[in-house]
Amino acid sequence: MRVTPLFCLLLASVFSDAGASPWRFDGVERIVAVSDLHGAHGAFVQTLQAAELIDDNERWIAGATHLVIVGDIVDRGDDSRDSMDLLIRLEVEAEAAGGRVHVLLGNHEAMVLIGDLRYVTQGEFAAFSAEETDEERERWYRALVARDGDTDRAAFDADYPAGFFGHRAGYAADGQYGAWLLQKPALVIINDIAFIHAGLSPVVGRLGPEAVNVGLVGELREYVEMLPGLYADSAVLPTDELFEREALLGPQIDALTETGADAARLKRLERAQVLERSVLHGPDGPLWYRGNVACSALVEIDRLGLALDKIDADRAVIGHTPTPTRQVVSRFGGRIIEIDTGMNNAYYKGTGFALAIEGDELTVISQSGERSVGVMPHPRQVGSRPGGFLSIDDTEAVLRDGQIISRSMLGNGRTAYVVESEGHRLQAVFEAAGRRGVLPELAAYRLDRLLGLDMVPATVERTIDGKRGSLQFLVPRTINEGQRIASGQGGGAMCPLSDQWQSMYVFDALVHNEGRRREEMRYDRIRGFQLILTGHERAFSSSRGFPSYLSSIDLQVTGEWKRRLEALDDSIIEAKFGDVLDRRRRAALAGRRDLLLKSGD
């Protein structure tokens, strides 16, 4: 019987009725979570030792502790096999001591299992060279020649280095690591804390843990088990990139459909295509979703709440996306804890960290053994900072107090300044105050901060050449909306563009920004196509209505948007905007707030 998400929804009901689940654990006194090893075995071992999980001989010493590996053991580093070997042994040792080791699937485990090998290093392949024979390499070389014609042997050996086919065998359904990984879940819940690689997407909230771990992981298992048969009849070969298989399978399916020949083979190939498109591998799946870390609270917090309620958890611990500070951070009042700290220093420039949870106390333990109680909040970072991470407070300080070292004219007639302070150098744009001392760009930034929109770059008040105005951080290396459309980019944005645009529409309605130009919608590609809003010099008019450009837009004022607008009362508007907006503009802002709240009723 094939396992489907529908079947798993029924299965989830059975587990719920029985009051038991193999993916839920309660009464655990100590939990330690580590994520995204990416072949950095040495750093991983040091992190486990610092957390007092293993001794100098790498033996389990943590008793009843539960260790959770939140995915991505493999890829990008050479020594992932060593980490898997250690974990396989620690699973046995921990259980004998009354503890547990939970290894969760990450997107990179799923990738190597299905044959998406873009991030496998030469060293990872080489680790499997002993399991590969010359006869096996010759077999697959001949198979490739038979299908594609003359194939240069030197190019074949370069494209598929020593260990390539041993690696594929090791991750097969019956291979040493494939069989092990295919028994692993994507989600566990311990003491009402969910552990999942990428995040709690609406898909996870809709399916629940049983349907995710049986249905979606079952689809992964089914596909990996199908691969030997696909290889045997040359439907695809182990040398084929995952993204080449669509082009290879499509014509075969069409031919079999047209002729009506070999119905059983046609069914297998069609099923293979379906499994390749599993939700597990998609941007909304539990192994890839980035909304928990990339979308603003206005977009994400209600979705997260629904997902947590559905799986009966209080918070989630996730990896997948390296934190901007390369330290453990939290979002949404601690309901999301991010623990991917870029352990593979050569690639991500981070170090190992472990999160220890004992009751309500959270302790962060560094690879070097330093400990700190509590988790720092995820920093606001609208736009990538040159030279690495710079906090929002430090960014404002550079803009406000930094020395102006150069200036240049931009194409729109504005002046760009380079300001520097304590080794930090930023480019910024100056906008002189308008009539009645109005500073719309600074007002937009302050309102962004109050709402949690996270789209307007850092802006401060500053006097330059005797003129009072606002100085706004100019985010480097962005593209505008026109350029994005022309290039066709943005489909894989970490926070979906449609969600970001909807927040922009509500914000423009609130500030009465009449006619948002494409040049004022910019995207930071380094941060996964984060939308950045500039050009508010026409905003904050005295009109009580909404801009005409929004007349055909369905403004979605729900959930968190409504709560934050309600918190934006008249006293806050007076206190926060009294020095940058005149009385009429402040009154109009309050009026538009009220209109939005009515539209959300």
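Analyst: **Salt bridges and their surroundings**

The side chains of Glu-222 and Arg-271 form a salt bridge with an N to O distance of 2.9 Å (a side-chain nitrogen of Lys or Arg within 4 Å of a carboxyl oxygen of Asp or Glu). Glu-222 belongs to helix H10 (residues 202–232) and Arg-271 to helix H12 (residues 263–276), so the pair ties together parts that are 49 residues apart in sequence. Helices (H or I, at least four residues) and strands (E, at least two) are DSSP runs, numbered from the N terminus.

The model is predicted, so local features need pLDDT of at least 70 and side-chain atom pairs count only at pLDDT 80 or more, while totals for chains, interfaces and linings use all residues. Residues are numbered from 1 along each chain as its sequence is written, and side-chain values use heavy atoms, with hydrogens and water left out.

Glu-222 has a relative accessible area of 14% and is therefore buried. Arg-271, at 15% relative accessibility, also counts as buried. The cut-offs are: buried under 20% relative accessible area, exposed over 50%, partly exposed in between (1.4 Å probe, protein chains only).

A second bridge joins Arg-380 and Asp-448, at 2.6 Å from N to O. This pair links distant parts of the chain: Arg-380 is in the loop between strand S13 (376–377) and H16, Asp-448 is in helix H17, and 68 residues separate them. Both Arg-380 and Asp-448 are buried.

The side chains of Arg-142 and Glu-138 meet at 2.7 Å, N to O. These two residues are 4 apart in helix H6 (residues 134–148), which means that about one helical turn separates them. An α-helix has 3.6 residues a turn, so residues three or four places apart point the same way. Glu-138 counts as partly exposed because its relative accessibility is 27%.

Arg-142 and Glu-138 also belong to a network of salt bridges that links Glu-132, Arg-137, Glu-138, Arg-142, Arg-153 and Asp-157. Arg-153 is located in helix H7 (residues 153–159). With 29% relative accessibility, Arg-153 is partly exposed. In total, the structure holds 42 salt bridges.

Next come the elements around the second bridge. Helix H16 (residues 392–401) has five buried residues, namely Ile-392, Thr-395, Glu-396, Val-398 and Leu-399. On the face of H16 turned away from the buried side are the exposed residues Asp-393 and Asp-401.

Most residues other than glycine have a negative phi, and most peptide bonds are trans. Asp-454 is partly exposed, because its relative accessibility is 25%.

Another positive phi, about 55 degrees, occurs at His-512, which is not a glycine. His-512 sits in the loop between helix H19 (497–511) and strand S20 (521–524). With a relative accessible area of 9%, His-512 is buried.
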